[in-house]
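Please find below a short note on the model, arranged as numbered points.

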Amino acid sequence: MNGMMKTAVMPTGGSNILTYLPVRVGGTTYAIDMSWVKTVQQVTRLRLDKTGSGPLGWVTILGDEMPVYSLASQLGEQPNYATSDGRIIIIDAQPAWGMLVDSVAQARGVEQADVMPMPDYMTDPTQRFFEGLVRSPEA
């Protein structure tokens with residue numbers, strides 16, 4: 001997407017700046033609201049689930065075992081967990097869980113005015129992975 005970066009959430013609260021974490025899956029850059037991110041872990045910590053049902057695998061952080069899901073799989077792409085650049089984004093939820101991505105860049109800020117709603121033709125109410133698009137010259 002030339003000049004666009006997909007974002008996982010819309011900005012909230014009174015701030016005009018959204019801080020997001022750019023992540024790559026395949027050849028596309030996505031953005032995750034930093035308020036969702038608990039920590040980022042190396043892909044080498046991933047223990048694959050050999051049963052083939054449920055999550056891609058598991059990661060243990062401070063004694064807590066968390067399921068890890070592949071963002072690529074959720075988007076209909078092949079997961080790539082063999083790369084040294086791969087990262088597991090731990091999502092700050094109850095319970096916490098991990099999301100495997102191909103790589104992560106440094107967190108950035110974006111003006112709320114640069115976040116646009118998703119076009120109607122790109123939204124499926126049964127599976128809303130994205131809340132908006134971010135105008136970004138780096139994308």
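1. With which residue does Glu65 form a salt bridge? The partner is Arg47, and the closest N and O atoms lie 2.5 Å apart. A salt bridge here is a side-chain nitrogen of Lys or Arg within 4 Å of a carboxyl oxygen of Asp or Glu. The pair joins distant parts of the chain, Glu65 in strand 7 and Arg47 in strand 5, 18 residues apart. One salt bridge is found in the whole structure.

2. This is a predicted model, in which local features need pLDDT of at least 70 and side-chain atom pairs pLDDT 80 or more, whereas totals for chains, interfaces and linings use all residues. Residues are numbered from 1 along each chain as its sequence is written, and side-chain values use heavy atoms, leaving out hydrogens and water.

3. Six strands form an open sheet in the order 4-8-9-7-6-5, with mixed pairing. Strands are DSSP runs (E, at least two residues), numbered from the N terminus; two of them pair if DSSP finds at least two bridges between them. Strand 4 (37-42) and strand 5 (47-48) are the edge strands.

4. Strand 7 (residues 64-70) pairs with strand 9 in the parallel sense over three bridges. Met99 in strand 9 is the bridge partner of Tyr69.

Notes:
Helix = DSSP H or I, 4+ residues; strand = E, 2+ residues; numbered from the N terminus.
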